[in-house]
Amino acid sequence: MYGGRGTKTIIGTILAGSALFAASACASDTQSGTFAAQRDDSRAAAEKIAGLASPTGMPTGYPTGEPSPGEPSPGEPSPGEPSPGDASPGAGAADLRKAGTAATEAVEGGTIISIEAEDDGRLWEVHVVGSDGVEQQLDVDAESGDVVSGPTAEDDEAEEKARLMALVKGAELTYEEAAEKVATAVPGGKITELSLDRHEGKVVWEADVTGSDGTKQEVKVDAKDGTVTKNGSTS
């Protein structure tokens, strides 16, 4: 009888020890899981902070592609940089025609020999030669096309009058036709001056043009046959 009781006691002790060991293992696993989760959370937080501070990370406060305050948007000129089309005064053939029409109406029977942009493009200074060889100067408002000054006769000598009359007679192309050829030679350009002169024995229309990219162009149009020479090259 005592042998059976001793056996039971030994078995009970073994079972109790097993239960205690299992409980300890479970607690250990729970603690390990908790520590692992805390470690993972800390690592994720550290990586997030590192990503914000990293040059390759997202810039704080500004979505990708959006400029920071004070930074010009793509396509927007920087402060002080001229916008396209505002690089210099001048105009196309249509604007010259408007100024020329006003001038020739003010000087009846006159022939335009020069048109030049003045006052940052707000005015056109136009020179017209009358049938008597007298040169007249006028200022035409570029926007309205109204004559705002003149006509005023130039006090030219007889020799100068004769030179001007020879230019007028030698020109078969009008300023309008010359302006159209210049506009074709420099698409999108602004004509800042167009004048009748003599070059290498020929009567030519000489034009100063600013291209759409801001470059200066010199264009000559033969006033007899319309041949165009741009920057020294015939086209």
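Is Glu 180 buried or exposed, or does its relative accessible area place it in between? Glu 180 is partly exposed, with a relative accessible area of 37%, where buried means under 20%, exposed over 50% and partly exposed in between (1.4 Å probe, protein chains only).

## About the model

This is a predicted model, in which local features need pLDDT of at least 70 and side-chain atom pairs count only at pLDDT 80 or more, while totals for chains, interfaces and linings use all residues. Residues are numbered from 1 along each chain as its sequence is written, and side-chain values use heavy atoms, with hydrogens and water left out.

## Packing of α2 and α4

Helix α2 (residues 93-106) packs with helix α4 (residues 175-185) at an angle of about 165°, their axes being 9 Å apart; helices (H or I, at least four residues) and strands (E, at least two) are DSSP runs, numbered from the N terminus. The axes are lines fitted to C-alpha atoms, for helices over the stretch in contact, and angles run from 0 to 180 degrees between N-to-C directions. The two helices, α2 and α4, are therefore roughly antiparallel to each other, a term used for angles over 145 degrees.

The contact, meaning heavy atoms within 4.5 Å, is made by Ala 93, Leu 96, Arg 97, Gly 100 and Thr 101 on the α2 side, and by Tyr 175, Glu 176, Ala 179 and Glu 180 on the α4 side.

## The salt bridge between the helices

A search of the whole structure finds seven salt bridges, each being a side-chain nitrogen of Lys or Arg within 4 Å of a carboxyl oxygen of Asp or Glu. In one of them, Glu 180 pairs with Arg 97, and the closest N and O atoms are 2.6 Å apart. Glu 180 lies in helix α4 and Arg 97 in helix α2, so this pair ties together parts that are 83 residues apart in sequence.

Arg 97 is partly exposed, with a relative accessible area of 30%, and a network of salt bridges links Arg 97, Glu 176 and Glu 180.

## Salt bridges of Arg 163

The side chain of Arg 163 meets that of Glu 160 in a salt bridge (2.9 Å, N to O), and the two residues, three apart in helix α3 (residues 158-170), are separated by about one helical turn. Arg 163 counts as partly exposed at 40% relative accessibility, as does Glu 160 at 26%.

Arg 163 also forms a salt bridge with Asp 197, with the closest N and O atoms 4.0 Å apart. This pair links distant parts of the chain, since Arg 163 is in helix α3 and Asp 197 in strand β5 (residues 190-199), 34 residues apart. Asp 197 is partly exposed, with a relative accessible area of 28%.

Terms used
Angles under 35 degrees count as roughly parallel, over 145 as roughly antiparallel, 65 to 115 as roughly perpendicular and the rest as oblique.
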